[in-house]
Amino acid sequence: MDVIAAISTAPVLSAIGIVRVSGEGCFSICDKIFQPAGGGLFSAVRPREMVLGRLSDREGKAIDSCLAVRFPGPGSYTGEDCAEFHCHGSPVVLGEALRALFAAGARQAGRGEFTRRAFLNGRMDLTQAEAVIDLIEAETAQAARNAVGQLGGALRRRVEPVYDSLLDIASQFYAVVDYPDEDIEELSREETLRTLSEAERTLEALLSTAGRGQVLRRGVPTAILGRPNVGKSSLLNALVGYDRAIVTAVAGTTRDTVEEKAVVGGVLLRLADTAGIRDTGDEVERLGVERSRRAAAEAELALLVLDGSRPLADEDMAAAETARLAAHMIVLRNKSDLPQTADLSALELSVPVLSVSAREGTGLSALEDAVAELFAGDGPPSGEVLTNERQAEALRQAREAIRGAREALAGGLTPDAVLSDAERAMSALGEVTGQKLREDLTARIFERFCVGK
């Protein structure tokens, strides 16, 4: 393969920036642009040991004084010879280092090409490779922990036994058919049914985590609802930590949904601050109210904000009805820093009711606890939550094939009748780990990656 090179850190000013190189012959290319301070060649320094030296361009002019390290294959990230230059984090310096490598014979790496080579060279399976980008994109500690678990092979370890059990069924059948004189014992119907049932249960358990996986990956769609001037925009600003939405005493200031992300109770919420729910003759505000109702219908969580310092109004009742469209609801009795006069009994609430002051930032810890209880409770071990729709779809196909095989066998058909379903399930499972994968699908997967990974 060609020697590839790329900047592996963000293109911003920083203390350290890293340029990565990989491929057969990369050490000789590095010898052309890097001279260890102690003399000798970079290709001769001890593996995995940082060495200080001078980085030069094609004309021998100094680019930087930096650290370099080499990782001989196959024990490297990509499975081939690799090297890294840890430079001062100026984008100009990193760009010059990259140009020097190109002049010496390397080429620009494509998106995800380092990780793709690691996959192709057997350094990781596809679940681990996809976990790399999930880890980079993680927005919560939970998402990061799950990605690290998958990077360590947790998902593969759940899928492989299912694949192996189906392989045992198929191989036993072929052995009996191909070698009839060898007196090979056939698998009993009961044993095959037991194997298929256990495989189906395992895949069902994995697929049951997909909903939680979407929460980890994308966050919880959350609508902040209430009548005008109850403090919805103040709540949004308090949760995101800065003045994202305009806050005034004028009713109807928010006329459209304002969206932002915030981590609350360790859970990523995709917040939508909506227009106040009320009847209005203002055409623009009316459209905003309609969008508020749509946001509630599409939300996984509704935060119903009420003004605890004022009696309930018809608009509060309408806002509560809208909030009930969401899958979950938490009621926030806002303005707890003022005398409380609101009687909420008319709402007949059976959901958490929390007292908060969005303006003062008090009571938000109780909201964090309530959100965590709804969406961050005990679940599968880290790494066993499905966050990838491609993987989930392949597991669904495998489950349906296994179910078909089990039902066929239970219905009285002979074991050979279930073979095609078992092989179809194995093919789908092979797509999860990358044992069987089309080239076009492989390319599509690694397009998600950044260039230097």
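This is a predicted model: local features need pLDDT of at least 70, side-chain atom pairs count only at pLDDT 80 or more; totals for chains, interfaces and linings use all residues.
**View 1. Cysteines without a disulfide partner.** Start with the cysteines: the structure has zero disulfides. Cys-30 takes part in none, and the cysteine sulfur nearest to that of Cys-30 belongs to Cys-26, 5.2 Å away. Cys-30 counts as buried because its relative accessibility is 0%. Cys-82 is likewise in no disulfide; for this residue too the nearest cysteine sulfur is that of Cys-26, at 6.3 Å. Cys-82 has a relative accessible area of 6%, so this residue is buried as well.

**View 2. Helix α1 against helix α2.** Here you can follow helix α1 (residues 26-33) as it packs on helix α2 (residues 91-104), the axes lying 9 Å apart at an angle of about 120 degrees. The two helices are therefore oblique to each other, and the crossing is right-handed. On the α1 side, look for Ile-29, Lys-32 and Ile-33; they meet Ala-97, Ala-100, Leu-101 and Ala-104 of α2. Sorted by class, this contact comprises six nonpolar residues, one charged residue and no polar ones.

View 3. Asp-316 sits in helix α11, which spans residues 314-323. Is this aspartate, Asp-316, buried or exposed? With a relative accessible area of 1%, Asp-316 is buried. Once neighbours within four places in sequence are set aside, the residues in contact with Asp-316 are Arg-227, Val-230, Leu-306, Pro-311 and Leu-347.

**View 4. Helix α13 alongside helix α14.** To trace the contact, find Arg-390, Gln-391, Ala-394, Leu-395, Gln-397, Ala-398, Ala-401, Ile-402, Gly-404 and Ala-405 on α13, then Asp-421, Arg-424, Ala-425, Ala-428, Leu-429, Glu-431 and Val-432 on α14. Of the residues in this contact, ten are nonpolar, three are polar and four are charged.

Key. Residues are numbered from 1 along each chain as its sequence is written. Side-chain values use heavy atoms; hydrogens and water are left out. A disulfide is a pair of cysteine sulfur atoms within 2.5 Å. Buried means under 20% relative accessible area, exposed over 50%, partly exposed in between (1.4 Å probe, protein chains only). Helices (H or I, at least four residues) and strands (E, at least two) are DSSP runs, numbered from the N terminus. Contact means heavy atoms within 4.5 Å. Ala, Val, Leu, Ile, Met, Phe, Trp, Tyr, Cys and Pro count as nonpolar, Asp, Glu, Lys and Arg as charged, and the others, Gly among them, as polar. Axes are lines fitted to C-alpha atoms, for helices over the stretch in contact, and angles run from 0 to 180 degrees between N-to-C directions. Angles under 35 degrees count as roughly parallel, over 145 as roughly antiparallel, 65 to 115 as roughly perpendicular and the rest as oblique. A crossing is left-handed if the near helix is turned anticlockwise from the far one by less than a right angle, and right-handed if clockwise.
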